[in-house]
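Subject: Structure handover

Hello,

Here is the structure I said I would pass on. My notes on its pockets and helix contacts follow below.

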Amino acid sequence: GEVAAMVGVATSTLRYYEAEGVLPDVERSVGGQRRYSDADLGSLRVVECLKSSGLTIKEIKAFMDMCEEGDASLADRLELFRSPPRDRRPARRPPRP
């Protein structure tokens, strides 16, 4: 729960991201407990930013996969944001006071 609290998501969300391949290869202890690295935390922050921009999980996974390819995928990443939303849900807005 500590990492979930740091990023501002539920622990079930972390498990979902892992199951969907958005955050693959999370290290595990001998007992099976997840051990998030600093790189994992950075990725989680990027995922949350992408989610708040309205990208779907499928699009976020594609973006994260492209990041693994390095600079060769910069044009494709930009195109993801320039393309019209297909199945995108609207970005979450903070509740009104």
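The helices named here are DSSP runs of at least four residues, numbered from the N terminus. Please keep in mind throughout that this is a predicted model.

Pockets

I began with the open spaces. Rolling a probe the size of a water molecule over the atoms shows where empty space is left.

The largest pocket has a volume of about 200 Å³. Two helices, α1 (2–7) and α2 (11–19), each supply at least two residues of its lining. The lining consists of G1, E2, V3, A4, T11, L14, R15, Q33, R34 and Y36. By class, four of these lining residues are nonpolar, three are polar and three are charged.

The second largest pocket comes to about 170 Å³. Its lining includes a run of residues from G21 and V22 through L23, P24 and D25. The lining of the second largest pocket divides into five nonpolar, two polar and four charged residues.

How do α4 and α5 lie relative to each other, roughly parallel or roughly antiparallel? The axes of α4 and helix α5 (residues 74–82) come within 9 Å and cross at roughly 160°. An angle over 145 degrees counts as roughly antiparallel, so α4 is roughly antiparallel to α5. The crossing of these two helices is left-handed. On the α4 side the contact involves E59, F63, M66 and C67, and on the α5 side D76, R77, L80 and F81. Five of the residues in this contact are nonpolar, none is polar and three are charged.

Next come α3 and α4, whose axes are 10 Å apart and which pack at an angle of about 135°. That angle makes α3 oblique to α4. This crossing is right-handed. From α3, the residues S43, V46, V47, L50 and K51 meet I60, F63 and M64 of α4. The classes in this contact are six nonpolar, one polar and one charged.

Some residues turn up in two places. F63 of α4 meets residues of α5 and also residues of α3.

The last pair is α2 and α3, which pack at an angle of about 95° with their axes 12 Å apart. They are therefore roughly perpendicular to each other. T13, L14 and Y17 of α2 make the contact with L44, V47, E48 and K51 of α3. By class, this contact has four nonpolar residues, one polar and two charged.

Two links to the above are worth a note. L14 of α2 is in this contact and also lines the largest pocket.

Regards

Note on methods. Residues are numbered from 1 along each chain as its sequence is written. This is a predicted model: local features need pLDDT of at least 70, side-chain atom pairs count only at pLDDT 80 or more; totals for chains, interfaces and linings use all residues. Side-chain values use heavy atoms; hydrogens and water are left out. On a 1 Å grid over the protein atoms alone, a cavity is a set of points where a 1.4 Å probe fits but cannot get out, and a pocket is an open set with protein on both sides within 12 Å along at least five of seven lines; lining residues have an atom within 4 Å of a point. Grid points are joined across faces, edges and corners, and a volume is the space filled by probe spheres set on the points. Ala, Val, Leu, Ile, Met, Phe, Trp, Tyr, Cys and Pro count as nonpolar, Asp, Glu, Lys and Arg as charged, and the others, Gly among them, as polar. Axes are lines fitted to C-alpha atoms, for helices over the stretch in contact, and angles run from 0 to 180 degrees between N-to-C directions. Angles under 35 degrees count as roughly parallel, over 145 as roughly antiparallel, 65 to 115 as roughly perpendicular and the rest as oblique. A crossing is left-handed if the near helix is turned anticlockwise from the far one by less than a right angle, and right-handed if clockwise. Contact means heavy atoms within 4.5 Å.
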